[in-house]
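Good morning, colleagues. Please have the sequence and the model in view.

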Amino acid sequence: MTDKITALYCRLSRDDLLQGESNSITNQKAILQKYAEDNGFNNTVFYVDDGISGTTFDREGFKAMMSDIEAGKVGTVITKDLSRLGRDYLKTGEYIEIIFPDYDVRYIAVNDNVDTAKSENELLAFKNIFNDWYARDCSKKIRAVFKAKGQSGKPLSKPIYGYKTSEVDKHQWIIDDEAANVIRRIFKLCIEGYGPSKIARMLTTEGVPTPTAYAWSQGRDNGHKNANLNRWDHRTVASILERPEYCGHTVNFRTRRKSYKVKKTIRNPQEDWLIFENTHEPIVTQQQFDLVQELRKNKRRPQRFEEVNPFSGVCYCADCGKKMYLCRSASFNDDQEHLKCSTYANDTNDCTVHYIRTSVLSEIVISEINKLLVMVKNNEDEFVQTAMNNSVSKHSTELTKAKKALKQAEKRITELDRLFTRLYEDNVSGKVSDERFSMMSAGYEDEQTKLKGSVTDLNKFIETAEQKYADVNSFIKVVQKYEHITELTPQIMHELIDRIEIHAPDKSSGHRIQQIDIHFRFGVATATAIADRREYTKKRKAA
């Protein structure tokens, strides 16, 4: 015996709890302490990992013990059995047969009758393999339970920021009012035109607790030990904006792990998610969520101005279809701020400038929105019917074209299969040379590959188009929020208008006249207005 430490190592995982008290930390400590006393081992120190799987060696207690071993402080390591040291037969065997001997450390597993100082145990490797198989079997059973639970619609994760567990039903999420108010504000700011980075800076400046800091303040551990508690991250804001759970839906199978030994989490593709709608109370409406997703698809570069321009990311050139650049400067007055075609900005030969002042456009858009508000208020039933007919007609035309193209592509793919079979037969019979066969078959395969890609794209378009038939009632609810608009804000723009198309100015009459097409959301209506330079000049002089 030496004055070195006798390391008494205890480990317990959640799986081991199923076996009862025999594997508890208390029981392990009692067994190891008695063994040490009976066999003359002094200077005992306990190293404990509670709730950690044996398939990983990334454990705090184990790492502390290894640190002391590497420092030459430990002479003996004692565990209750081999499975307490680990259930990965390769790593466990490496520690017992290579690493421990390299540091002159004696290893003892009490119940398995293993003592490296006395004799080599020929059954050691087999016992480690059986322990590994046990972990594999437990993993299969747990995965099966989680799969059944996830497919039943019960949430597989803890409540996310904005929700908490119901005291009545642990599987039911209920709204956490304080955090939910932050979530609503984040969505509102995004609709108003602010990006995740700007929102994160605003929340940090105002001292709003981050999700991790808030969870800890409520006595909940969300697992993000290394998170910055004082600063909101733009990735956190972006993640919040993309979670369907805030609409009241349960989303299962977002992630997976490669195996029971590899703990790294892998994100599943969205098509593999399982979504159950309306399982808990929503924090934001489905319409708000869908609007944010559309805005997030067209991410805009950050602007230096604190104020978000309502036309940013909404206006398009009617000729080339590209976005209109917003041109603004601290030195510009209200009359000088304007929009111009982005294609023209890159190459003046590809398109025309399509220049229009934002002050003029703002007057036109406000006027057309107010006309729409009056129309909905006075003739709601007629408006709903007309909007439904227009939307169905528009989508029906697009769907018809897409379905026709899909049918032709699928027909050609089948035809190419027959041609390839016939070509192969002709090559075998000698009618077509090998060189000719290679050239023609390569051409057929290339065409078929392109057609299959086209079929995939068309199927996605058809599926999306069929899901986007007019939701006029949702539009009516938004419209009813407003009485009369006097100022255009990003929120009003994004809630009511899908896009604005700016036509090139017509100067044939000697005056500058410009057509503006305003497409309202859900395809419910399209307004066409004319920007006349003479009318704008009169208003400016009167002002």
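Predicted model: local features only at pLDDT ≥ 70, side-chain atom pairs only at ≥ 80, totals over all residues.

Lys 91 and Glu 94 lie 3 residues apart in helix α4, residues 89-102, and are therefore separated by about one helical turn. The two form a salt bridge, with 3.6 Å between their closest N and O atoms. Side chains of opposite charge can pair when their charged atoms come close. The count of salt bridges comes to 18.

Let me turn to the helices. Two packed helices are described by the angle between their axes and the distance between the axes. Helix α6, residues 177-191, packs with α7 at an angle of about 135°, and their axes are 10 Å apart. An angle of 65 to 115 degrees would count as roughly perpendicular; α6 and α7 are therefore oblique to each other. On the α6 side the contact is made by Arg 185, Ile 186, Leu 189 and Cys 190, and on the α7 side by Ile 199, Met 202 and Leu 203. The crossing of α6 past α7 is right-handed.

How do α7 and α9 pack? Helix α7, residues 196-205, and helix α9, residues 234-241, meet at about 115°, with axes 8 Å apart. These two are therefore roughly perpendicular to each other. Pro 196, Ser 197, Ile 199 and Ala 200 of α7 make the contact with His 234, Val 237, Ala 238 and Leu 241 of α9. Here too, α7 passes α9 in a right-handed crossing.

Finally, the surface. Leu 123, Phe 126, Phe 130 and Trp 133 form a nonpolar patch there, together exposing about 490 Å² of accessible area. Of these, Phe 126 is placed in helix α5, residues 124-151. Thank you.

Conventions
Residues numbered from 1 in each chain as written. Heavy atoms only, no water. Patch = residues over 30% accessible without salt bridge, like charges linked within 9 Å, V, L, I, M, F, W, Y side chains within 5 Å. Areas by Shrake-Rupley, 256 points an atom, 1.4 Å probe, with all protein chains shown as cover. Salt bridge = Lys/Arg side-chain N within 4 Å of Asp/Glu carboxyl O. Helix = DSSP H or I, 4+ residues; strand = E, 2+ residues; numbered from the N terminus. Axes fitted to C-alpha atoms, helices over the stretch in contact; angles between N-to-C directions. Parallel < 35°, antiparallel > 145°, perpendicular 65-115°, else oblique. Left-handed = near helix turned anticlockwise from the far one by under 90°. Contact = heavy atoms within 4.5 Å.
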